[in-house]
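Reader: I am new to this structure. Could you walk me through how to read some of its features?

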Amino acid sequence: MNSPRRDRIRDAFGAAARDYETHAGIQRTVAQTLAQLAANQPLPPAPHILEIGCGTGLFSRELRSLFPAAELTITDLSPDMVDMVSREATLAAYFAVMDGEAPIFDRPMFDLIVSSLAFQWFGDLRSALTRLYALLRPGGTLMFSTMAERSFAQWRSAHEACGVHAGTPEYPSIDALQAMLDAHTDAFLFEEDYVLDFGGAKGLHRHLKGIGATVPAEGRARLSPANMRQVMRHFDAGGGTVTYHVAFCRVTRLA
């Protein structure tokens, strides 16, 4: 990811840290689902676990509950997020500010690498998966949830109907994600659609601002106020709901 975009993402999430969990209902649901999947992984009694993109700790708390004996390393791009999570004494973890695309580790040392709804912010997911896979011990697993192509389809459609382009990032198709996973030995993927009602366009804006997801796709300019009002009216007239299309992915290093 280029540095200016990475810095904008870091700052946006940092600004949202204090109130993030007030707006993060769907993020909590996805974290709980990913935790259920992680609980089924065959791990050593005291596994070494790396979390990428911890946010305010929704998934971190699930991990500590599931794996009380784990050596847990918790990271995020945002120093504000890391600072907030590190205050939770019950987590008993090592904390670090880290860009998940450029991990600070350089050898196979983890039994489990996990991330909930952070990888969609990577600039080059395929390359990042290769680097993270290299940090797995034999038998180790990389497991993550990420946004897929149908995410925010209703919002995009409202823009298209008004002749403008949405600033929403373009997420990969399930086929594209599967191809990335298949580059490794043992891979698995399933998808879920969560249709959410935030109370129309204004509510959707509050949700995205509340979680810090405000950095538009690369090269997308802000709409004029008149165009945005038109899009919001069209979105609301179409029902005002929006889809989170989430892929749950796993790759395991067999040797």
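Author: Start with burial. A residue is called buried when its relative accessible area is under 20%, and exposed when that area is over 50%. Keep in mind that the model is predicted.

Reader: Is Cys 249 buried or exposed?

Author: Cys 249 has a relative accessible area of 2%, so it is buried. Cys 162 comes out at 15% relative accessibility, so Cys 162 counts as buried too.

Reader: How many disulfides does a search of the whole structure find?

Author: The test is a pair of cysteine sulfur atoms within 2.5 Å. Across the whole structure, the search finds 0 disulfides.

Reader: Next, helix pairs. At what angle do the axes of helix 7 and helix 10 cross?

Author: Helix 7 covers residues 153-161 and helix 10 covers residues 225-237. Their axes cross at roughly 125 degrees and come within 9 Å. That angle makes helix 7 oblique to helix 10. The crossing is right-handed.

Reader: Which residues in helix 7 and helix 10 meet?

Author: Helix 7 brings Gln 154, Trp 155, Ala 158, His 159 and Ala 161. Helix 10 brings Met 228, Val 231, Met 232, His 234 and Phe 235. Sorted by class, this contact has 7 nonpolar residues, 3 polar ones and no charged ones.

Reader: Now the backbone. What is the phi of Ala 92?

Author: Ala 92 has a positive phi, about 45 degrees, although it is not a glycine. Look for Ala 92 in the loop between helix 5 (79-86) and strand 3 (94-97). Its relative accessible area is 57%, over the 50% mark, so Ala 92 is exposed.

Reader: And where is Leu 117 found?

Author: Leu 117 is in the loop between strand 4 (110-116) and helix 6 (125-133). Leu 117 also has a positive phi, about 55 degrees, and is not a glycine. Its relative accessibility is 12%, so Leu 117 counts as buried. Ala 92, by contrast, is exposed.

Reader: One last residue. Which strand does Thr 141 lie in?

Author: Thr 141 lies in strand 5, residues 136-147. At 2% relative accessibility, Thr 141 counts as buried.

Reader: Which residues does Thr 141 touch?

Author: Leave out residues up to four places away in sequence.

Terms used
Residues numbered from 1 in each chain as written. Predicted model: local features only at pLDDT ≥ 70, side-chain atom pairs only at ≥ 80, totals over all residues. Heavy atoms only, no water. Buried < 20%, exposed > 50% of the residue type's maximum accessible area, 1.4 Å probe, protein only. Axes fitted to C-alpha atoms, helices over the stretch in contact; angles between N-to-C directions. Helix = DSSP H or I, 4+ residues; strand = E, 2+ residues; numbered from the N terminus. Parallel < 35°, antiparallel > 145°, perpendicular 65-115°, else oblique. Left-handed = near helix turned anticlockwise from the far one by under 90°. Contact = heavy atoms within 4.5 Å. Nonpolar A, V, L, I, M, F, W, Y, C, P; charged D, E, K, R; others polar.
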